[in-house]
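Here's a quick tour of a protein and the molecule it holds. Have a look at the picture, then work through the notes.

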Amino acid sequence: MIPTSDKAVKPPHVSVLYHQIISALRPASPGFYVDATIGAGGHAWGILEKSSPFGQLLGLDSDPQALALAHQRLTLYSHRIHLLHSSYTGLRNALLTLGWDHVDGIVIDLGVSSMQIDSPERGFSFQHDGPLDMRFDPSQPVSAETLVNQSSESELAELIWRYGEDRNSRRIARAIVGNRPFISTLQLANLVKKTSRSRPGDIHPATRTFQALRIAVNHELESLEDFLPQAIDSLSSGGRIAVISFHSLEDRIVKQYFRRESRDCVCPADQPVCTCGHHAAIIEVTRRPITPDENEITSNTRSRSAKLRIAEKK
Ligand SMILES: C[S@@+](CC[C@H](N)C(=O)[O-])C[C@H]1O[C@@H](n2cnc3c(N)ncnc32)[C@H](O)[C@@H]1O
């Protein structure tokens, strides 16, 4: 993993399932690789190290602060890395710009980095007070504040139910609309806490509402659906994609996409003759997702809901 000049300095973000990602992608020189969510550059470091001396890596991130950090931490490999401020939905264009026809491996590690969660001014955390922001890309027009203060009660209820799977969604939406405007994270977290009927042992009552708002603000599920076909198209034969997700809705999208794209026929099961003309593009390397072991969860509790799925291009 990325060495620090001072061993006592904690890395800003601990990469989840690091060794599993490196062994999934099998980086080698002179391969071409993509880290679609480069964050603090942890997985990228491993890919660059293992693909020495000629392997190249394209690193994308929506968050300019993450890119600046990755740039700083990966200086040793600066001659082999291309960093771009872009959503991973821009993968195809980014590869065109570089003139890369195909790549040998792609990793995408969804969700929030520790730097983002731990920076109150980014508005991702309900445990620190800050503006209700939650945008990965601060140049995007819609923040959580806009959604909370301008959506209708039914839109908010739907969003909290769909993306947060919170059984208190209607009650929370009603309380939000009755107490607007909201400008800070703690103001919202306290209202949700007061409104929710939580049981002993439940997670913090604001967890699901904050997750739902973050997913909606950043169009996370739609972006993942847009990205997967681009990623599979971009892989060379034998190239691999590794996806780490932290939410059951994300994992379902990846699982269903991999399953469909690994089949030669996608006609309805009761149809006697195939008419779809579909051909398998990938082989699923993981039928079941890989999850962190107890040691990893103990040393990095943020890894606890991670699921890794891997596929290989035919
Ligand atoms: C969990 S972190 C990645 C950590 C990284 N794998 C590492 O080892 O340091 C997720 C990153 O994805 C970025 N991100 C979220 N949505 C994105 C999108 N649509 N396009 C590109 N990056 C995105 C976030 O800004 C964040 O930096």
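In these notes, Ala, Val, Leu, Ile, Met, Phe, Trp, Tyr, Cys and Pro count as nonpolar, Asp, Glu, Lys and Arg as charged, and the others, Gly among them, as polar. With that sorting, the shell around the ligand has 8 nonpolar, 13 polar and 3 charged residues.

This is a predicted model, where local features need pLDDT of at least 70 and side-chain atom pairs count only at pLDDT 80 or more, while totals for chains, interfaces and linings use all residues. Residues are numbered from 1 along each chain as its sequence is written, and side-chain values use heavy atoms, with hydrogens and water left out.

**Around the ligand**
- Of the 24 residues around the ligand (a heavy atom within 4 Å), those that come nearest are Ser 15, Asp 61, Tyr 88, Asp 109 and Gln 116.
- Now for polar contacts, meaning pairs of N or O atoms within 3.5 Å: a side-chain N or O atom of Ser 15 sits 2.6 Å from a ligand oxygen.
- His 43 also uses an N or O atom of its side chain, 2.9 Å from a nitrogen atom of the ligand.
- Gly 42 uses a backbone N or O atom instead, 3.2 Å from an oxygen atom of the ligand.
- On its own the ligand has 600 Å² of accessible area (Shrake-Rupley method, 1.4 Å probe), and the protein covers 97% of that.

**Helix α10**
- Helices are DSSP runs (H or I, at least four residues), strands are E runs of at least two, and both are numbered from the N terminus.
- His 219, in the loop between α10 and α11, has a positive phi of about 50 degrees although it is not a glycine.

**Cysteines**
- How many disulfides (cysteine sulfur pairs within 2.5 Å) does a search of the whole structure find? The search finds 0.
- For Cys 265, the nearest cysteine sulfur belongs to Cys 274 and is 3.6 Å away.

**Cis peptide bonds**
- A cis bond joins Ser 52 and Pro 53, with omega about 5 degrees; Pro 53 is in the loop between α2 and β2.
- Arg 180 to Pro 181 is cis too, with omega near 5 degrees, and Pro 181 lies in the loop between α8 and α9.

Terms used: A polar contact is a pair of N or O atoms within 3.5 Å; within protein, one must be able to donate a hydrogen and the other to accept it, and residues adjacent in sequence count only if both atoms are side-chain atoms. A disulfide is a pair of cysteine sulfur atoms within 2.5 Å.
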